[in-house]
Amino acid sequence: MANNNGETPILELKKLCRYFGGLKAVHEVDLVLEPHALNGLIGPNGSGKTTIFNVITGIYEPSGGEVIFEDQNIGGLDPFVINQLGIARTFQNIRLFPNLTVLDNVRIAYHPHAGYGMQDAIMRTKLYDQKERELTEKAQEFLSVFNLQDRQAEIARNLPYGEQRRLEIARALASNPKVLLLDEPAAGMNPKEVVTLMELIHFIRDKFDLTVLLIEHQMRVVMGICEKITVMDFGEVIARGTPTEVQKNSRVIEAYLGLGATELSKKYLKEKRQ
Amino acid sequence: MKRIKPTTIFFLLGAVLIFGVTQFLINLGVINSFWNTIIRLAGVMAIVSLGLNLIYGFNGQFSLGQFGFYAIGAYIAADITYRWTVLSSALGLTILLMVALFVGAMIMLIRSAVSKIRGMDTLSAFALYLAAVLGAILVAVRLGRLLDAPVTLSLSLLPENIGLTVVYLLAVLLGGVIAAEVSFLFGLPVLTLGSDYFGIATLGFTIIIKVLLDNTDTMLGFEEMKGARGMIGIPKITTWVWVFVFLFMTIVIIRNLLNSSFGRAIVSVREDEIAATTMGIDVAYYKTITFVIGSLFAGLAGGLYAHVNGFLHPNSFSFIKSFDPLIIVVFGGLGSVTGTVVASFGWALVLEGVLRLALPEGFETWRFVVYPLMLLVMMLLKPNGLFGNYEIPFIRAVIPPLKKKTTSAKTSKEVA
């Protein structure tokens, strides 16, 4: 399929299904993510994009099919195990730890790598002091990448919307992932913020050597930064390819604009050219 | 030796001052035995409430079971010291020590075995634990009976005072440990429930314990506990010193726990379970361990309580009473250690002390009208509790200053 350059994919969905009763939220979806790719997942509302994220991260169990991450089927594992294996995500409607400080939000994500246990914390051992310092410095480093270092003592819920989004990405990165799933990272951002976000996504992918899959409704973002795009409708993949290929695909146009829209759009383009 | 922070010094000085002044006033007789009892009860209640605050305030699990574990700790500790002083036998101590050790070891063993099996459902895991623990108890009781004679002999060789103190401390600790072990077994299936359902389930636990306590002499066969008539003859060993020592340790342990990665993981579960689990936090584990630690403190406090008045009655552990620590925790401020301690002392001093003395004779029971009214007004004026989430500097988490500007110039420009 998309895997024509011979590289082993880091994440692969094989005929993945997720049904809710009779509703086929996701039906036999195949998806391949190659290492270091920056791919997009688009589709009209309710087409099953977020459900795919929820299945990959273990919040839902797959009803059928496999989720292969680094040659291991992770379908049905607990979310925290999947995160520790190396998949992190952000949420469509931001899910920070609202009453904690910005710094603690990031430090919590770093917890599995903390390197000391309950006993060290109670006894305040040397290990505690050392590891706690390391962990805090690491978290502050993540914050400074996102230019949030001056906000570290602020309560997360008091941050402006754009900064909350950035903090959520910073938190996801602190859990040391190999694959980052971004669920509508640009939602609710103004055009200027969107531009910086796009640059930021590129930047973190290179800096932390990530593979990124993002869901987005803002076509500027998707078309601007994604290398490959998968389009979904009613739980199934209807098209995949580079942004330009997808834009011309008649099924995609129909999914977004309705039946017969292809004809109209051709007519519109013709008129525009004249 | 690392440098001690000024906040720590202030805290220690404050603690020593409070302890010293109170003890001095007790010695002078300014604090009479009435107030002395109230202060000790307040300290005990502070320990129970701190345990509950860990479960409810910091981990977000609404629990009404705290008094059940408090009762377990109380009766276990009381039985051990009663047998030692009245019957001159260490049978209770040896058996319960063996039970605590064996059950603890068995739980660890099963835990490491279960963690290797993927996809084991909660109920079968619970059945496995239950069977293993019952087996461990049977073996432990046998072994305890065998060890009774030598332990009694060696303990009676100690001077009487020291022997009693050793038995007392072991009894209080065992009360805590066994309460914690029970809470682990109980929490295993029940913690999978959502918050409200968990609250009801824990309320059920408190009621079960109360019914068992009503029938200790008939159903369970512990003659000395005298069922619904109340257990008497427990040595009154819990002085202000012991209450203070245990309270101090509780505060320091909880503070150290909370200001660590472990504590932040606990709080993240309260804040957003889904976000926590997708960030690599094992939510089920942190719920269980918090519940166990909270119950451990309840058990310890129970042991202390049993030796305050030397008298235990099942009615002290009824489910109505189990709302007391809940009221204290909410009143002081959910998620505030400082608030819980202050509210505990306020609760005992006001309800039992000031109101009882201030109301005219014959109207003492009216304090149960005045007190809820105070609660109502308080909740209307300060819905977040007396202290909100304020902490004194010693307990508060320190936000470390930024080390240096590590920002890569490129990104800061881009993002700004």
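The model is a predicted one. Chain B holds 16 helices and two strands. Its radius of gyration is 23 Å, close to the 22 Å that the globule rule gives for 416 residues, so chain B is as compact as a globular protein of that length. Chain A contributes 45 residues to the contact between the chains, and chain B contributes 31 residues.

**Chain B overall**

- The C-alpha trace of chain B spans about 80 × 60 × 50 Å along its principal axes.
- Of the 416 residues in chain B, 43% are buried.
- Take the contacts in chain B with a separation of 6 or more: 81% of them join residues 24 or more positions apart.

**Where chain A touches chain B**

- On the chain A side, 45 residues take part, facing 31 residues from chain B.
- Five elements of chain A each give two or more residues to this side: helix H2 (79-85), H3, helix H4 (118-123), helix H5 (126-145) and helix H7 (191-207).
- H5(A) supplies the largest share of the chain A side, with nine residues.
- By class, the chain A side has 21 nonpolar, 14 polar and ten charged residues.

- Ala109(A) lies in helix H3 of chain A, which covers residues 102-109.
- Ala109(A) has 30 other C-beta atoms within 10 Å; the cut-off for a buried residue is 20 or more, so Ala109(A) is buried.
- Beyond its neighbours within four places in sequence, Ala109(A) contacts Arg171(A), Ala172(A), Ala174(A) and Ser175(A) in chain A.
- From chain B, Met279(B) and Gly280(B) are in contact with Ala109(A).
- Ala109(A) and Ala174(A) are 65 residues apart along the chain, yet their C-alpha atoms are separated by 5.6 Å.

**Helices H14 and H15 of chain B**

- Helix H14 of chain B runs over residues 337-358, and helix H15 of chain B over residues 367-381.
- The two helices pack at an angle of about 120°, with their axes 10 Å apart.
- That angle makes H14(B) oblique to H15(B).
- The crossing of H14(B) past H15(B) is right-handed.
- Leu351(B), Leu355(B) and Arg356(B) are the H14(B) residues that meet H15(B).
- Their partners in H15(B) are Arg367(B), Val370(B) and Tyr371(B).
- This contact of H14(B) with H15(B) has four nonpolar and two charged residues, and no polar ones.

How values were computed:
Residues numbered from 1 in each chain as written. Chains lettered and ligands numbered in written order. Predicted model: local features only at pLDDT ≥ 70, side-chain atom pairs only at ≥ 80, totals over all residues. Helix = DSSP H or I, 4+ residues; strand = E, 2+ residues; numbered from the N terminus. Rg over C-alpha atoms; globule rule 2.2 N^0.38 Å. Buried ≥ 20, exposed ≤ 12 C-beta atoms within 10 Å, placed from the backbone. Contact = placed C-beta atoms within 7 Å. Nonpolar A, V, L, I, M, F, W, Y, C, P; charged D, E, K, R; others polar. Axes fitted to C-alpha atoms, helices over the stretch in contact; angles between N-to-C directions. Parallel < 35°, antiparallel > 145°, perpendicular 65-115°, else oblique. Left-handed = near helix turned anticlockwise from the far one by under 90°.
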